[in-house]
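Hello,

Here is the structure I promised to pass on to you. Please open it and keep it beside you while you read.

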Amino acid sequence: MAFTSPPPFFPVPEETQVLLIGVSRYAHHPELRSVVANVTQLEKALTDGNQGRLPTTVVRPLLDPEHDEVFPAVQRAAREAKDLLLCYFAGHGHLDPNAPDELYLLPRNAHGTDPTSHAIKYTLLRDELATSDARHVVLILDCCYSGSARPPKGGGTFTLITSSREQRPQDSGDGTNPTPFTAALLTVLREGVSPNVMVTVNRLAAPLKRLAAKDAEQAERADSGYAPVGDWDPNVVTVNGPGDTVVSHVLKRPGRSFGEGVRQFAERQRRRVTRLHPLRTLLDGTAPLTRRCSALALLLTPLATACWLLSTWWGTPPPTQCGIPLQLRVVTTPEYEEPLAQIMAEFEQALWPTADDDERDLGIRPSGCPQVDAYVFSSSGSAVTGALANSASWADPKECPTGAVPGPGTGADPGTETGAESESGTEAEATAPVDCLRPLYDIGPLPDVWFAPTPASAGLLTDEMATSQAEAWLGKPQVVARSPAVLAVPGDLGAVAEETGTSLQELLDATEQEGLTVRRADPASSAASLAFGVAAERTGAPLVDTSVPLPLDDDTLLCGLADASPTGGSVGAEGQGGEDEWPALLLAERSVVSLVDRQHAAACLTADVDVDDADYTAYYPDDVAPLDLSLVPVFWDGGDQDETERRAAIAELADWLREEEGRFHLERHGFRAPDGSVSSEAEVGGEVPLRNGAFSVEGVRTGDPLTARDADAYLTRPAAERRPLDVVFVIDLSSSSYAGNRVRLTDSALGEAVTALSDESPGEEHGQPDRYAVLTAPGDAGGGIGDPLGALHAHGVEAVEETINGFSALPTNAPVEEAVEEGLRLLGDSEANGYAPVLVLITDDEDSEAQPRRSIAPQVPIVLVTFGASGCDSTFNEELIKQEDLCVDSSLNQVAALRGTFTDQWGS
């Protein structure tokens with residue numbers, strides 16, 4: 001049965017309650033002046049009569065309340081709401097340092113030295129709201145650390161909308177306009193998600209995330225007053241029921257019927273006629289002609305008015321007659337999200353027939369009404385396949401075990417229950433820092449359609465989705481477009497190699513002759529990288545990974561160029577073509593479109609990144625499998641309310657994409673037809689990106705299609721033997737960095753990294769085991785550098801556990817620069833002794849102010865784990881991290897990313 005959800009309901013005004021809590025003035029904390037604009041503009045947006053929203057009587061602003069004023073207002077709203085209960089809070093958020101997962105919302109009189117005193121404990125507020133009899137409870141938090149909030153485990157349908165990531169502060173606004181998150185929320189409420197489509201609670205997620213990405217792009221530019229990149233990151237999660245609620249329109253309480261309204265209108269006109277006696281005037285032959293004409297017009301007015309009302313009623317139904325379109329949830333990979341979102345918008349229009357065109361009217365909604373609303377979201381390929389392989393975790397999300405590290409499970413092996421709780425119940429196992437699979441939080445809602453970059457992606461899941469624990473199953477993949485795997489070269493290879501008809505080995509040899517570095521993404525998440533890896537292993541082509549570790553996916557690989565451009569940093573590894581040389585890239589052809597076509601450019605490649613200077617050209621190896629974009633239906637247990645309609649919509653989508661209209665839209669966004677052909681601009685009626693000169697339209701030959709068996713064999717192959725590693729860990733123990741939840745993250749990151757290092761070590765039997773050392777900054781309360789494990793040695797896991805137990809926060813600045821220099825000195829002779837060196841720095845950037853000195857050991861790669869608000873974009877970090885290094889901020893699962901550095905992702 002297809003997983004479906006009931007259509008969103010329209011809240012009845014008299015049974016709705018909205019409570020807008022905003023705290024702008026504090027007795028002991030900084031003012032948040034933008035909060036006043038938040039509350040006043042939200043109140044206006046929700047009560048805008050032109051949009052059919054709520055009356056002012058049910059929307060109650062509560063500005064600058066003290067602690068004792070909040071809960072009575074919440075209890076009243078919860079008691080009176082029967083349809084929709086919406087509670088909004090804007091103000092300071094606070095995490096208890098003794099319980100870093102416990103969020104507090106600060107009222108006006110929150111204590112200064114102990115903010116938890118007189119504060120509102122989030123879980124108490126949440127649980128109070130959850131007791132309401134309302135059909136749908138919505139809680140919106142616009143405050144620092146709101147990403148740490150979690151929805152309730154019981155009760156009715158509950159939606160939690162948050163403005164920030166876990167453990168992250170956010171911008172407080174400019175003091176005049178609303179805060180960035182609420183400004184985006186207001187934009188969506190005022191402008192909608194698409195023309196003539198109502199805004200619903202769950203439909204807020206996609207436009208909010210798009211606006212957040214736009215804000216982040218602006219923040220990446222010169223100092224413009226914007227908050228740091230990633231400063232606000234909206235999230236929308238609905239639990240305890242799949243219901244949804246319209247917030248752009250409300251349902252008027254049932255009154256007289258349309259026929260009753262016409263009857264009453266006619267009665268009023270009859271009385272008017274009787275009162276003015278126009279009929280007598282009309283029949284009075286002695287009356288002047290002008291009076292008799294006026295009487296005739298008055299008599300015809302009711303009939304004309306009734307005809308106009310009837311034509312309006314039947315010709316253009318009001319929104320409440322159409323109902324909410326069928327919602328299709330579409331998941332894909334990040335590099336395809338933007339083009340597929342635009343293509344799906346065209347599909348929505350194709351299914352919205354006019355009165356004289358019902359060719360595609362599926363009957364899902366009344367004729368002339370929008371039929372389908374598509375929500376496109378994305379995650380890395382390995383995250384999607386891992387979540388589908390563990391579909392029960394997606395369909396029925398549970399809280400992570402204590403000590404688990406939330407994350408999309410990108411490193412999870414399909415079929416491994418990474419989110420399962422420990423059965424033994426021992427303290428050691430219960431607090432083990434393991435990944436916790438949370439697809440609903442980290443990827444998105446349960447998808448109806450998966451646009452897989454190749455049919456082999458679905459084939460990898462055949463066994464996992466056939467188990468009795470599976471909550472979903474896949475339909476047959478249907479190829480709708482092609483995007484060949486290409487080698488994108490800056491400039492060209494001249495006479496060394498042809499753009500088509502050349503083998504992968506010949507192309508890689510040519511790049512080596514030209515002194516180019518070749519980069520690709522992680523084959524577990526990138527179909528293009530997987531296809532190249534399979535071909536290289538089959539043909540013996542010299543494919544060597546130079547990135548450590550590999551970028552997560554094609555989108556991450558492209559965005560890495562933003563830091564590698566001549567305007568944003570050095571390009572190319574030292575000794576491999578110099579500082580101002582762009583790398584060659586192994587990508588899907590459609591990803592290269594995002595690289596060379598400004599109209600379709602990736603969001604991270606802004607105008608400040610001079611990719612145009614690189615003048616990339618696509619080369620097509622003839623022995624690499626093609627990448628066939630495939631529509632894969634996803635069906636879920638648990639509901640069949642509109643199964644027939646949903647199946648019909650998915651089938652119609654597949655047909656439309658293969659027909660001329662859909663195929664032309666695919667080509668306008670950089671895809672080929674399934675047979676590999678490319679139409680002319682005259683045929684598609686618009687620009688065709690693949691005809692801009694960087695690509696070959698004719699003569700493109702490919703290898704055999706990638707099979708699931710080949711893909712699985714490559715992904716599960718034994719890791720190649722590698723050199724032993726020398727690793728120096730530099731840990732920031734200043735009180736700003738080693739505090740709150742960061743204590744757990746720091747300890748887990750270091751412990752997991754050393755565990756993975758020991759597990760993957762070549763060992764004595766293969767010559768030399770891995771070695772590591774640990775330095776701390778500061779070393780003690782007086783400053784300096786500490787060396788609890790100051791010598792490079794095969795210490796083992798026990799030694800680092802003992803070291804971690806001795807860590808404590810130190811109330812002094814951390815000499816990060818000096819500690820990094822000392823670590824680089826320790827690694828200076830590693831290469832000569834047969835070890836591969838790497839330095840790992842874990843810090844919050846608060847004390848990273850001086851220029852880092854990479855000249856001490858420029859060949860040593862650095863892995864930076866940062867808790868700072870600016871993430872990888874602080875000046876120090878940008879100088880420290882070069883193209884071949886790795887920076888991990890809170891946008892990723894930091895513990896998993898660091899552990900993955902020392903597993904099979906590490907190059908030889």
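Below is what turned up in it, one region at a time.

Please bear in mind that this is a predicted model.

Let's begin with the open sheet of 6 strands, whose order is E2-E1-E3-E7-E8-E9 and whose pairing is mixed. Strand E2 (59-63) and strand E9 (235-239) sit at the edges with a single partner strand each, so one side of each has no neighbour in the sheet. From one strand to the next, the twist averages 10°. Strand E1 (residues 16-22) pairs with E2 in the parallel sense, over 5 bridges, and there you can find Leu 20 opposite Pro 61.

Helix H2 (residues 67-80) lies across E1, E2 and strand E3 (84-90), and runs at about 165° to E1. H4 packs on the sheet too, where it touches E3, strand E7 (136-142) and strand E8 (157-162). The direction of H4 makes about 135° with that of E7. Helix H4 (residues 180-191) has 12 residues, and its buried residues include Phe 181, Leu 185 and Leu 189.

Now go to strand E10 (residues 326-332). All 7 of its 7 residues are buried, so E10 is largely enclosed by the rest of the structure. In a regular strand, side chains alternate between the two faces of the sheet. Leu 326, Leu 328, Val 330 and Thr 332 point one way from E10, while Gln 327, Arg 329 and Val 331 point the other way.

Which strands pair with E10 in the parallel sense? Strand E14 (residues 449-452) is joined to E10 by 2 bridges and runs parallel, with Trp 450 opposite Val 331.

Happy exploring!

Note on methods:
Residues are numbered from 1 along each chain as its sequence is written. This is a predicted model: local features need pLDDT of at least 70, side-chain atom pairs count only at pLDDT 80 or more; totals for chains, interfaces and linings use all residues. Side-chain values use heavy atoms; hydrogens and water are left out. Buried means under 20% relative accessible area, exposed over 50%, partly exposed in between (1.4 Å probe, protein chains only). Helices (H or I, at least four residues) and strands (E, at least two) are DSSP runs, numbered from the N terminus. Two strands pair if DSSP finds at least two bridges between them. The expected span of a helix is 1.5 Å times one less than its number of residues. Axes are lines fitted to C-alpha atoms, for helices over the stretch in contact, and angles run from 0 to 180 degrees between N-to-C directions. Contact means heavy atoms within 4.5 Å.
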